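Here's a quick briefing to read alongside the model. Have the sequence and the 3D view open as you go.

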Amino acid sequence: MDLGSRLVGDYEEALAELRAAGVRVAGEPKQDIMTFGIGYSTDIHGILAWCRDQVLAAGGETTAGAVVTELVRDARAVTGVLVRAADGRRIRYEAGAVVLASGGFQGDRAELTRSIGPNADRLVLRSNPGSVGDGLRLARAAGTGGTTAMSTFYGHLLPYPVHSFEAENYLPYSQYYSGSTVLVNLQGKRFADETDGDELLNQAVTFQPQARGVLIFDEFVRSTEVLEEPFPGLGSIDRLGIAIEAGGKHAVAQTLPELVDILAGWGVDRDQLYRTMDRYAEVAGHGGGTADGVTVSASARAPQNGPFYALMVQPSITFTFGGIRTNARGEALDHDGGTVPGLFAAGADIGGLSNYGYAGGLAPGYITGRWAGGSAAERAASFVRNESYAVVADGHGSERNAQ
Ligand SMILES: Cc1cc2nc3c(=O)[nH]c(=O)nc-3n(C[C@H](O)[C@H](O)[C@H](O)COP(=O)(O)OP(=O)(O)OC[C@H]3O[C@@H](n4cnc5c(N)ncnc54)[C@H](O)[C@@H]3O)c2cc1C
């Protein structure tokens, strides 16, 4: 069974576990998340607190603000980690098992460029800044293989440009409604079926010239999808108004030809854009098909009544889909499919859960964490510890042993 199927199969059991632990999980799922998914509202802080409490209750400890810099290995297995503590000390932890869960490599520009190409530099980071590919780097150094899907990732289209982009802007700046627009590149050409949805269009824009796109829509979309809650819980807000305030390049015109003229002033090929809009309207009017080699879905609706709107957009990256190769026990695998003894991985650090399509982030994190955590605990239980940890350097160069 592949990892994706196993993930879906374990979903109900994970929900039951959280409920039994007293963590709030909604009784009924929200339907149509991102148009295709279901999800249960839950209390993420509650989940993290419960996990931490279990570690402490079992005699373990947790450390915040510490960075794992190296894996400790002997000839046969991974046997611990080297950590740079918040106060600069370097601490060596001996362990029967190590679980890598550093959240993906979206913050590592060099790795992104290798996987995605030169436009990786143009991807806006829409994520915690700490996930810089350490898990993948450490796993590779220990002989772990990679997965496919290294160029695919989750993110949403954002206005271009934006004055600034802070964590509180991540949700309101996301143009979730792009699937109801006509999306063209700077050459005036369509390149994707818009009804695929914003998270897939975000990836498609990444591979277009200058990683830019232009959303074109009419007053109907402006007064419906732009304002609507894209999925339950996210809130109804004016995403175009917010994009304009953020600095996004935009245009409003009473007729489509006037709008095309404005876009030509932005450098979009005027004649090509006319052709694109005409062909799109024609094919959409006939119930969908293909326009210039690009699918026009049966549910596509061409812009019809003014005012007409345009917003320039750019892609963002929240987390990567490719990563460390594991099995459904969370065991890290080498290039031949054999296990790397002592090494496990979970969450956005692992690849193989999805390839291009978004399968959620939090549920996969929790479920793959159970896989890796359970297997790691099993292995660690049979490991005889000689020492718990040792300070090997204090950040100022001197070596000492604090056992
Ligand atoms: C704005 C936003 C909205 C989202 N909304 C949803 C949603 O509604 N539903 C959903 O399912 N998902 C959502 N996600 C995605 C979800 O948050 C992630 O997929 C999930 O948190 C990944 O979990 P993880 O444990 O793999 O990594 P993370 O939660 O990213 O945790 C990894 C941690 O490891 C730390 N780290 C990195 N390197 C090291 C190192 N060397 N040593 C020590 N620590 C290190 C990082 O700093 C980070 O704190 C959203 C993400 C964002 C940014």
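This is a predicted model: local features need pLDDT of at least 70, side-chain atom pairs count only at pLDDT 80 or more; totals for chains, interfaces and linings use all residues.

Residues are numbered from 1 along each chain as its sequence is written, and side-chain values use heavy atoms, with hydrogens and water left out.

**Around the ligand**

- There are 21 residues around the ligand, and V68, D134, A348, G361 and L362 come nearest; a residue counts here if one of its heavy atoms lies within 4 Å of the molecule.
- V68 uses its backbone: one of its polar backbone atoms is 2.8 Å from a nitrogen atom of the ligand.

**A salt bridge at D134**

- D134, one of the residues that come nearest to the ligand, also meets the side chain of R137 in a salt bridge, at 2.3 Å from N to O.
- The term means a side-chain nitrogen of Lys or Arg within 4 Å of a carboxyl oxygen of Asp or Glu.
- Because R137 and D134 are 3 residues apart in helix α4 (residues 134-141), about one helical turn separates them.
- Helices (H or I, at least four residues) and strands (E, at least two) are DSSP runs, numbered from the N terminus.
- Across the whole structure, the search turns up 18 salt bridges.

- The chain splits into domain 1 (3-62 + 96-151 + 321-384) and domain 2 (156-314), with bounds from an automatic or database domain assignment.
- Their C-alpha centres lie 32 Å apart.
- On the contact count (heavy atoms within 4.5 Å), 19 residues of domain 1 meet 20 residues of domain 2.
- The two domains bury about 1,700 Å² between them, 61% of it on carbon and sulfur atoms; buried area is the accessible area (1.4 Å probe) that two parts lose on being put together, summed over both.
- M34, R126 and Y356 supply 39% of the area that domain 1 buries against domain 2, more than any other three residues.
- What holds across this interface in polar terms? The rule finds 7 residue pairs in polar contact, both at pLDDT 80 or more, but 0 salt bridges.
- On the domain 1 side, β1 (30-33) and β7 (124-125) each supply at least two of the residues that touch domain 2, and β1 gives the most, with 4 residues.
- That side divides into 10 nonpolar, 5 polar and 4 charged residues, where Ala, Val, Leu, Ile, Met, Phe, Trp, Tyr, Cys and Pro count as nonpolar, Asp, Glu, Lys and Arg as charged, and the others, Gly among them, as polar.

**I33, up close**

- I33 lies in strand β1.
- I33 and P230 are 197 residues apart in sequence, yet 7.8 Å apart in space, C-alpha to C-alpha.
- Leaving out residues up to four places away in sequence, I33 touches I38, G39 and F231.

- Most residues other than glycine have a negative phi, and most peptide bonds are trans.
- The Y160 to P161 peptide bond is cis, with omega near -10°, and P161 is in the loop between β9 (158-159) and β10 (182-184).
- G306 and P307 are also joined by a cis peptide bond, with omega about 0°; P307 is in the loop between β14 (294-296) and β15 (308-314).
- Q210 isn't a glycine, but has a positive phi of about 60°, and is found in the loop between α5 (198-206) and β11 (213-218).

Methods. A polar contact is a pair of N or O atoms within 3.5 Å; within protein, one must be able to donate a hydrogen and the other to accept it, and residues adjacent in sequence count only if both atoms are side-chain atoms.
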